[in-house]
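Dear colleague,

I am passing on the structure below, and after it you will find my notes on what came out of it. Please read them with the structure open beside you.

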Amino acid sequence: MVKNAQNLNRRSFILSAGAGIASACGLLSACGTDDGPTTASLEDSPAVKEFERQANAFIDQNRTTDGEIYPKSAKDVYLMVKRFSFEPGQLRLDRNVAYRFRMMAADVPHGVWVKPSDSGPLTLTPGELYEHVFTFRKPGRYFITCSTYCGTGHDKMRATIQVV
């Protein structure tokens, strides 16, 4: 009879351990170890492809020898946002010039927050063009971060603007 009780205890332990592991996996998923929003990718949609073409043309036309993007005559700035990057990643802009930022999220919702600035975070819906005018009054370095959780690489999404 003791032997059956030991077998029952072993079975109970194994079942309890299995349930505990399953619960722990669920808890870890809820605590942010997942890959973030799981919406269907729009990267192949015509709107995203066209915007990406325009953004790449902007980057190619305004690239400097040091790799920064410096639109000396253009007042439109293109910013492609996707997991887990901003393109372009480095901009140089002139102070006291009103720049119209044309932005699009290619895959999942993203936030664009330029710091420091008078504007709060801007929310981008995948596949939709978003425009916002920024005028940088002071020279210095500004940072662009993603303000909407988009997956495990979210905290590494950064871009810089050097205002001269």
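This is a predicted model: local features need pLDDT of at least 70, side-chain atom pairs count only at pLDDT 80 or more; totals for chains, interfaces and linings use all residues.

Phe134 counts as buried because its relative accessibility is 6%, where buried means under 20% relative accessible area, exposed means over 50% and partly exposed lies in between, with a 1.4 Å probe and protein chains only. The residue belongs to strand E7; helices (H or I, at least four residues) and strands (E, at least two) are DSSP runs numbered from the N terminus. Leaving out residues up to four places away in sequence, Phe134 touches Val97, Ala98, Tyr99, Phe101, Val114, Ser117, Ser119 and Leu122, a contact being heavy atoms within 4.5 Å.

Residues are numbered from 1 along each chain as its sequence is written, and side-chain values use heavy atoms, with hydrogens and water left out.

Phe134 also takes part in the lining of the largest pocket, together with Pro116, Ser117, Asp118, Ser119, His132, Val133, Thr135, Phe136, Arg137, Lys138 and Tyr142. Strand E7 (residues 130-135) gives the most to the lining, with four residues. By type, the lining holds five nonpolar, four polar and three charged residues, where Ala, Val, Leu, Ile, Met, Phe, Trp, Tyr, Cys and Pro count as nonpolar, Asp, Glu, Lys and Arg as charged, and the others, Gly among them, as polar.

As for the overall layout, the protein has two helices and nine strands, and along the sequence they follow the pattern α-α-β-β-β-β-β-β-β-β-β. Of its 164 residues, 34% count as buried. Among contacts with a separation of 6 or more, 64% are made by residues 24 or more positions apart.

The largest nonpolar core has 36 residues, of which Phe86, Phe101, Val112, Val114, Phe136, Ile144 and Ile161 touch the most other members; such a core is a set of buried Ala, Val, Leu, Ile, Met, Phe, Trp, Tyr and Cys residues joined through side-chain atoms within 4.5 Å. The elements that each supply at least two residues of this core include helix H2 (46-62), strand E4 (98-105), strand E5 (110-115) and strand E8 (140-145). Setting aside residues up to four places away in sequence, Val112 touches Leu79, Val81, Phe86, Met103, Gly120, Pro121, Leu122, Leu124, Ile144, Thr145 and Ser147.

Gly111 lies in strand E5 and counts as buried, because its relative accessibility is 0%. Gly111 and Cys146 are 35 residues apart in sequence, yet their C-alpha atoms are 4.7 Å apart in space. Thr145, in strand E8, is likewise classed as buried because its relative accessibility is 10%, and its contacts beyond four places in sequence include Phe86, Gly111, Val112 and Trp113. Pro121, by contrast, sits in the loop between E5 and E6 and counts as partly exposed because its relative accessibility is 45%; beyond its neighbours within four places in sequence, Pro121 is in contact with Val112, Trp113 and Ser147.

Finally, some backbone details deserve a look. A cis peptide bond joins Arg83 and Phe84, with omega about -10°, and Phe84 is in the loop between E1 and strand E2 (85-87). The peptide bond from Glu87 to Pro88 is also cis, with omega near 5°, and Pro88 is placed in the loop between E2 and E3. Asn96, in the loop between E3 and E4, has a positive phi of about 60° although it is not a glycine.

With best wishes

Notes. On a 1 Å grid over the protein atoms alone, a cavity is a set of points where a 1.4 Å probe fits but cannot get out, and a pocket is an open set with protein on both sides within 12 Å along at least five of seven lines; lining residues have an atom within 4 Å of a point.
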